[in-house]
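Visitor: Please take me through one part of this model up close. I'd like to start with a single residue and go on from there.

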Amino acid sequence: PDGLMLEAPVPLAPETTLHLHLLLGGERADVDARVCGCVPRAHGRRRTWGVGVQFEDLKPAARERLDRALRPWRKGRA
């Protein structure tokens with residue numbers, strides 16, 4: 001709930017700040033996130049980058065929608 005892994009076409013430097021537009025529970029949430037790590041990923045001949053980001057200052061309403069969206073996934077993993 002504090003971040004996510006996204007796929008990027010280019011590597012992103014750690015500590016870079018990104019401004020993301022997420023769709024949470026059918027509503028848009030604008031979120032700032034900090035790049036924590038970046039690793040190369042190969043998909044056949046295509047190369048992409050797995051970028052781990054941590055949310056910064058996620059507003060309470062967006063956090064609540066994110067928690068609701070993750071509930072079914074958490075139940076399946078328990």
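Visitor: Is Asp57 buried, partly exposed or exposed?

Guide: Asp57 counts as exposed, because its relative accessibility is 68% (buried is under 20% relative accessible area, exposed over 50%, partly exposed in between, with a 1.4 Å probe and protein chains only). Before going on: this is a predicted model, where local features need pLDDT of at least 70, side-chain atom pairs count only at pLDDT 80 or more, and totals for chains, interfaces and linings use all residues. Residues are numbered from 1 along each chain as its sequence is written, and side-chain values use heavy atoms, leaving out hydrogens and water.

Asp57 sits in the loop between S4 and H1; helices (H or I, at least four residues) and strands (E, at least two) are DSSP runs, numbered from the N terminus. Go 18 residues along the chain to Lys75, and the two C-alpha atoms are 26 Å apart.

Leaving aside residues up to four places away in sequence, Phe55 touches, among others, Pro1, Leu4, Leu22, Val31 and Leu66 (a contact is heavy atoms within 4.5 Å).
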